[in-house]
Amino acid sequence: MVDAQRKHQIEAFVRGLDQFELRALYHELSLRMREVHRIEDWQALQAFRVLDRVAFHHGGQHIEGTVVRVNQRTVSVVTADNRRWTVSPQYLRKLEPSAAAAAEVVRAAVKPKSR
């Protein structure tokens, strides 16, 4: 958090910039914000592993499932009714592990090849 004195210094600095300097500052701030979000996303993804039981809310509905893949920016989740979801890790929370639920997801994901 920025204290009042530091905030005043930043505001004074920004007020002293012309249009071109403001655009350059905006560009640099945008790059930095993308970098911060990428780091936060990566850190959030590190909390999840395949077969973790997770929950999230969608449209006011509580959904539980099992992680089947950790992607670069999202987590792929399969529910007991074999619905697949791609969820940002910020919206997920871990549940207590359930061996039966994890086994069911693995069975559903690994379907025998038909000849």
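Predicted model: local features only at pLDDT ≥ 70, side-chain atom pairs only at ≥ 80, totals over all residues.
Local features need pLDDT of at least 70, side-chain atom pairs count only at pLDDT 80 or more, and totals for chains, interfaces and linings use all residues. Residues are numbered from 1 along each chain as its sequence is written, and side-chain values use heavy atoms, with hydrogens and water left out.

**View 1. The chain holds 3 helices and 5 strands.** Along the sequence, the pattern reads α-α-β-β-β-β-β-α. Helices (H or I, at least four residues) and strands (E, at least two) are DSSP runs, numbered from the N terminus. The chain has 115 residues, and 23% of them count as buried. Buried means under 20% relative accessible area, exposed over 50%, and partly exposed in between (1.4 Å probe, protein chains only).

**View 2. Five strands build an open sheet.** The order is β4-β3-β2-β1-β5, with antiparallel pairing. The edges belong to β4 and β5 (93-94); each has a single partner strand, so one side of each lacks a neighbour in the sheet. Two strands pair if DSSP finds at least two bridges between them.

**View 3. β1 and β2 form a hairpin.** The two strands run antiparallel and are joined by 6 bridges. H57 has H62 in β2 as its bridge partner. The turn places 2 residues between the strands. G59 lies in this turn and has a positive phi of about 60°.

**View 4. β2 and β3 form a hairpin with 4 residues between them.** Their pairing is antiparallel, over 4 bridges. V67 takes V77 in β3 as its bridge partner. R69 stands opposite S76 in β3.

**View 5. The largest nonpolar core has 11 residues.** They are L45, F48, V54, F56, I63, V67, V75, V77, W85, V87 and L92. At least two core residues come from each of β1 (53-58), β2 (61-70), β3 (75-78) and β4 (84-87). Such a core is a set of buried Ala, Val, Leu, Ile, Met, Phe, Trp, Tyr and Cys residues joined through side-chain atoms within 4.5 Å. L92 touches F48, V54, A55, F56, V75, V77 and V87, leaving aside residues up to four places away in sequence. Contact means heavy atoms within 4.5 Å. Among contacts in the chain between residues at least 6 apart in sequence, 43% join residues at least 24 apart.
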